[in-house]
Amino acid sequence: MTGPAFDGFRRPDGTVGVRNHVLILSVTGLTGPTARRIGRAVPGARVVTTPYGSGLVGDDAALQRRALTAFGAHPNVGAVLVIGASPPLVDEVVASIALTAKPVEALILDDCDHDALTLTERGTRIAARMMREASRARRVPVPLAELFLGMECGRSDPSSGLVANPLVGAVVDALIDAGGRAVFGETIEWLGAEHLLTARAANPEVARAIEAAVLRRERTAIDAGLDLLGNNPGPTNIAAGLTTIEEKSLGAIAKGGRSPIRGVVGIAEPLPGPGLYLMDAPAYAPESVGGLVASGAQLVLFTTGVGNSFVSGLAPTIKISGNPVATRRLREQLDFDASDVFARRASLADAAARLQALVLEVASGTLTWGEILDEGEDVVSRLGPAL
Amino acid sequence: MNWQATTLAAGDNVATVLQPIAAGETVAVWTAAGVIAITALEPVALCHKIALADLAAGTAVIKYGQCIGQTTAPVRQGGWVHVHNLRSRRAQAAGGAT
């Protein structure tokens, strides 16, 4: 294979995983504790739960179903045990995940005499068998073009816009040039920089979608009576030197590089094709990362200024900072130290080459600090009131 | 490193300091047109911003070559530019823009 490559897990549907997780997926709030109990009984299994259930309506219900299904169908997941309180939702999620042709089994509380302990016992046996079967999979070489990156920033400071985000942008540009895909969200952090994003829109329709998404978020803040100062940028951002949302946004969008923007997708929606996309989604890291991973991102590049420990459970999340204080303090949180670029001891281009090498290494199996320390969670946003 | 602060694009009227700056310190600032020297009027913490020129109240503050908000009070060259004298021009409640 010529050009950059990594070793991944080729799935029956042709997609590529950078991990081979067995997932315990609880699709109703009632069965979340059981999912976590099964997860503890089968070390190494990943657990995704939701606190919500039948009260969700409309777009909110559709988003929960889409995202939870997407976590199960995710290429980093080799096998899924779906559990839930009652049949219809479980059956629908299982049917959708089964389209990927990966092993998927279901257990329903109604069929276990409403006994969480019975559900735990049956689930543990299934998960254990899945774990053994999953361990038989082997990685194969795949080209860089098979990679799908999500980009996120959290607890930013001015070093993020100066170093870490442009560094990620350079890696993303190389990925897009190679035929890969990438997405970033945090719509409120386009505010003040939207003219630079619309200038890169692939067509006028995409430019209008970007503008409309920003105006909707700005309106949400205004209608809530919020002055964004103190909310976004938040107190940690401000203490570290950021002042206005415009300043934060101008730094934040650098993580998307310079490639054309092909479109704007909704939370947890799959990308229509290769290239760079935006996701119209909340900025708070757990919600944002959850949406990126549900859309299929296999790996997340997460920049921070002062430090941020949140990672995805399903997608290895590479933490990057250029802040010289944070990189000295947070040695078991930050996977990539870009403080040499901040101090002008290294060029951005050299650091970008090192970061791309780390991305390929992590995609091939090297663990991130977040994986080693089990910081991962995958959650779904809420959109509105429930019944 | 032979400068202690940097601009990000031509036209910036603030610079980001790359190390903590003390009041009275002479700060070498990298700009596209060459390194310039500014005297800090007050302490500026790591990554915070220092004014490169006298800015009247209501002046657009430029970083990345883009407007990041406007001053709410006069700022002298070498002054610390932060949330006490810089406000967003966006997401203001009706009539709230200052």
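**Entry: Leu373(A)**

I looked up Leu373(A) and found a relative accessible area of 48%, so I logged this residue as partly exposed. I am working from a predicted model. I placed Leu373(A) in the segment that follows α14 (369-372) of chain A. I then checked its surroundings on the surface. Leu373(A) belongs to a nonpolar patch there, together with Leu367(A), Trp369(A) and Ile372(A). I noted about 370 Å² of accessible area for the four together.

**Entry: Pro103(A)**

Is Pro103(A) buried, exposed or partly exposed? Its relative accessibility is 45%, so I put Pro103(A) down as partly exposed. I listed its contacts, leaving out residues up to four places away in sequence. Pro103(A) touches Gly78(A), Ala79(A), Val80(A) and Met130(A). I also took the C-alpha separation from Pro103(A) to Val77(A), and read 9.8 Å. Those two residues are 26 residues apart along the chain.

**Entry: Thr69(A)**

I went on to Thr69(A), which sits in helix α2 (residues 58-73) of chain A. Thr69(A) has 12% relative accessibility and therefore counts as buried. The cut-off I used for buried is under 20%. Which residues does Thr69(A) contact, leaving aside neighbours within four places in sequence? I found Val93(A), Ser96(A) and Ile97(A).

**Entry: where chain A meets chain B**

I counted the residues on each side. On chain A, 35 residues are in contact with 28 residues of chain B. I then looked up the area. The size of an interface is often given as the accessible area lost when the parts come together.

The rule finds four across chain A and chain B. I also wrote down the salt bridge between Glu247(A) and Lys63(B). Its closest N and O atoms are 2.7 Å apart.

**Entry: confidence in chain B**

The average is 92, and 91% of the residues score at least 70. Where does pLDDT stay under 50 in chain B? I found that stretch at residues 94-98. For residues 94-98 of chain B, the model has three contacts beyond four places in sequence.

Definitions and conventions
Residues numbered from 1 in each chain as written. Chains lettered and ligands numbered in written order. Predicted model: local features only at pLDDT ≥ 70, side-chain atom pairs only at ≥ 80, totals over all residues. Heavy atoms only, no water. pLDDT = per-residue confidence, 0-100. Contact = heavy atoms within 4.5 Å. Patch = residues over 30% accessible without salt bridge, like charges linked within 9 Å, V, L, I, M, F, W, Y side chains within 5 Å. Areas by Shrake-Rupley, 256 points an atom, 1.4 Å probe, with all protein chains shown as cover. Salt bridge = Lys/Arg side-chain N within 4 Å of Asp/Glu carboxyl O. Helix = DSSP H or I, 4+ residues; strand = E, 2+ residues; numbered from the N terminus. Buried < 20%, exposed > 50% of the residue type's maximum accessible area, 1.4 Å probe, protein only.
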